[in-house]
Structure formats: C-alpha cells, structure tokens
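Please keep the sequence and the structure in view while reading.

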Amino acid sequence: MDKPIRNTARSIFVVKEKIFITPHYIRVIFKMSDEQLVLFQNMRSGSHNKIYIPSEKAMYCADYEESIWNSDFFTAVRTYTTRDIDFNAKTLQIDFVAHGDSGPASKWAENAKSGDFLGIAMKESQKPLVPSAQNYFIVGDSTAIPVISVILETLPSTANVMLLLEVNSYRDTFVLHSKANLNVRWIYNSSPLSGSKLAEECIALLAEEKQFYIYAAAEFEVIKKIRRHLKEALQLERDRYYTVSYWTRGISEEESNQERQKQRME
Ligand SMILES: Cc1cc2nc3c(=O)[nH]c(=O)nc-3n(C[C@H](O)[C@H](O)[C@H](O)COP(=O)(O)OP(=O)(O)OC[C@H]3O[C@@H](n4cnc5c(N)ncnc54)[C@H](O)[C@@H]3O)c2cc1C
C-alpha cells in the first residue's frame, strides 16, 4: 500500500533565549520569522525533528542560510522533539538533556546563546501521538520527557495515566501539566551511561496492573527489555503498546543508526 506523502520543511532558526529549566535540562527557544510561520504551518508540537548542528566554519559564514545544509558546514544531524510550536508567540522550542560535551547536540545546547543558529527539519504528521484509551502507562527517561509532556497536554480529563519517569536527580523533576489524572513515579539515575533500572521498575509495575495502553521511550537496552517483556511474557497484541529507542549507551546517534542498519542486512 502506498504511504501518504508527508511534507517536509526545513529552515535555519535563530536562538531567542536559552534557559536551564532544571540542572540537566536546557530549553532553547527559537524565533520564528513570518516565512517560517508559513513553512511550518502544518507542523505540530510533539513531532520529532532533525537538527543540523553548524560547524565553526558555518558560524562565521555570511551566507549560512544556504551553507548549513552542505555537509561541510554542519558537524552532525540529531533527532529531537519539537517541544512546542507557538504560532502566536512566533517561537519554536526544543528541550535538550544536558549530558556533557561528548555529543555535538548536547554541547551545542550547553553553549548556545541568543543569536546562534541551528538548522531544523520537520515532517508533517496528522497521526495522534497515542491512540485514544482510558488508562495509559507511560514510561520514559529524560530524553522522552519532552514528547511525554506534549502527550499529557493533549489527554482529556477522563484519562488515567500512570507515569514512570527517569531523570538525573530529584532536582530534575518538574511539574507536568495535564487535564488527565496523573500518578507519577520518578526514579533517579545520575549515571545513565552506566545503565538503568527503568526496565525492571516498569516490568514490576506491569505485574500489578495490565489494562493499559503502554507507551515507552528510552535508551536502547531499556526498550529492548521492555519490548521483550510485553511481547513474550505478557503476549500483548501489537496495538496495545508502542516502544521506541531514543539513544544508545556509549555510541553516537549515527553509530547507533549504522549498527541497526547492519543488523537489518544480516
Ligand atoms: C524521536 C526522538 C526524539 C528525541 N527527542 C529528544 C529530546 O527532545 N530531547 C533530548 O534531549 N533527546 C531527545 N532524543 C535523544 C537524542 O537524539 C539523543 O540523546 C542523541 O544521541 C543526543 O545527541 P548528542 O549529539 O548529544 O550525543 P551523541 O553524539 O549521539 O552521543 C555521544 C555520547 O553521548 C551518549 N548520550 C546520548 N544521549 C545521552 C543522554 N541523554 N544521556 C547520557 N548520555 C547520552 C551516547 O551514548 C554517546 O556515548 C530523541 C531521540 C529520538 C529518536
């Protein structure tokens, strides 16, 4: 069956403001020009995007509008969540986990200042982030909190949501906004590169209650364990859950993509 054609838009965004919303979360707010408001008019909060991180060379290039898309001028492409597009305020927002300067995206966000620029590409998407349900069980590590925050903002007051969220420390927790009834359990992990107990905690909670739609987004190994449990131990139908890996311990996003491509070919 033919897949519906989804429009893509890409543009260079200029940083308006950067805020550390918690010690390990950086919110970067970009200005949207009138042209960008038109170009991105069908894009929505919660969709994922591709960010193009400019090199030093691009930063000093007068014609960066064009040159950033040339691979000589960007150091890396990474996947993030569009945390918010506000067509009235003319802003687009991305929340970055600050995990140090080993990754170009985290490094860029840590050093970003007003006036800096970033290439952002997005695909149009009409599909809701989660299907309609009465009870949800939503699991995520820090990288998934932006998309989870958008999901929560869209749920109705009749929905019940159990949340299991992993962040660096209690200082990285924040207030989640939703009309739905939320039951939030935070777990703390100051060293996600050394491993996580998120999958085990998730599996333990699933033993108590199974009548949920399950949404899980986190590190690759965590998701592998959760997916295996849902498929093999609980034998849930495929339409009862959605699991997605957001990053892989010890390797960069492009290495992780290459690894998965290699596995698919074998
Ligand atoms: C659909 C989708 C949406 C996403 N949305 C967001 C989002 O809104 N906000 C967000 O912060 N991330 C998000 N991510 C995750 C983000 O793409 C990865 O964390 C990415 O690897 C970061 O790029 P980097 O250049 O900082 O590090 P990379 O160069 O990819 O990796 C360098 C090193 O850092 C490690 N690393 C990567 N991420 C983390 C982390 N979070 N904590 C500790 N170590 C890490 C890697 O294992 C590697 O050792 C999303 C991923 C996907 C697939």
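In this predicted model, the lining of the largest cavity comprises four charged, three nonpolar and two polar residues. The space inside the largest cavity is about 40 Å³. The points below treat this cavity, the nonpolar cores, the salt bridges and the chain as a whole.

**The cavity**

- The count of cavities of 30 Å³ or more comes to one.
- The residues that line the largest cavity are Asp-141, Glu-166, Pro-192, Gly-195, Ser-196, Glu-219, Val-222, Trp-247 and Arg-249.
- Pro-192, Val-222 and Trp-247 line the largest cavity and belong to a class that counts as nonpolar.
- Asp-141, Glu-166, Glu-219 and Arg-249 also line the largest cavity, and residues of these kinds count as charged.

**The nonpolar cores**

- The largest nonpolar core consists of 26 residues, and Phe-30, Ile-51, Phe-96 and Trp-108 are those with the most contacts inside it.
- At least two residues of this core come from each of the strands β1 (8–22), β2 (25–31), β3 (48–54), β4 (74–81), β6 (91–97) and β7 (117–123), and from the helix α4 (104–111).
- Another core, of 23 residues, lies apart from the largest one; among its members are Ala-159, Tyr-213, Ala-217 and Val-244.

**Salt bridges of Arg-83**

- The count of salt bridges in the model comes to nine.
- One of these joins Arg-83 to Asp-95, with 4.0 Å between the closest N and O atoms.
- Arg-83 is in the loop between β4 and β5 (84–86), whereas Asp-95 is in strand β6, so this pair ties together parts that lie 12 residues apart in sequence.
- Both Arg-83 and Asp-95 are buried.
- Arg-83 also forms a salt bridge with Glu-153, and here the closest N and O atoms are 2.7 Å apart.
- This second pair links distant parts of the chain, since Arg-83 is in the loop between β4 and β5 and Glu-153 is in helix α5 (residues 145–154), 70 residues apart.
- Are Arg-83 and Glu-153 buried or partly exposed? Arg-83 counts as buried because its relative accessibility is 10%, and the cut-off for buried is under 20%. Glu-153 counts as partly exposed because its relative accessibility is 39%.

- Lys-224 and Glu-221 form a salt bridge through their side chains, at 3.9 Å from N to O.
- Both residues of this pair, Lys-224 and Glu-221, belong to helix α7 (residues 220–233), where they are three residues apart, or about one turn of the helix.
- Lys-224 has a relative accessible area of 36% and is therefore partly exposed; Glu-221, with a relative accessible area of 31%, is partly exposed as well.

**The chain as a whole**

- Eight helices and 12 strands make up the secondary structure of the protein chain.
- Of its 266 residues, 45% count as buried.
- The C-alpha atoms of the protein chain fill a box of roughly 60 × 45 × 40 Å along the principal axes.

Technical notes
Residues are numbered from 1 along each chain as its sequence is written. This is a predicted model: local features need pLDDT of at least 70, side-chain atom pairs count only at pLDDT 80 or more; totals for chains, interfaces and linings use all residues. Side-chain values use heavy atoms; hydrogens and water are left out. On a 1 Å grid over the protein atoms alone, a cavity is a set of points where a 1.4 Å probe fits but cannot get out, and a pocket is an open set with protein on both sides within 12 Å along at least five of seven lines; lining residues have an atom within 4 Å of a point. Grid points are joined across faces, edges and corners, and a volume is the space filled by probe spheres set on the points. A nonpolar core is a set of buried Ala, Val, Leu, Ile, Met, Phe, Trp, Tyr and Cys residues joined through side-chain atoms within 4.5 Å. Buried means under 20% relative accessible area, exposed over 50%, partly exposed in between (1.4 Å probe, protein chains only). Helices (H or I, at least four residues) and strands (E, at least two) are DSSP runs, numbered from the N terminus.
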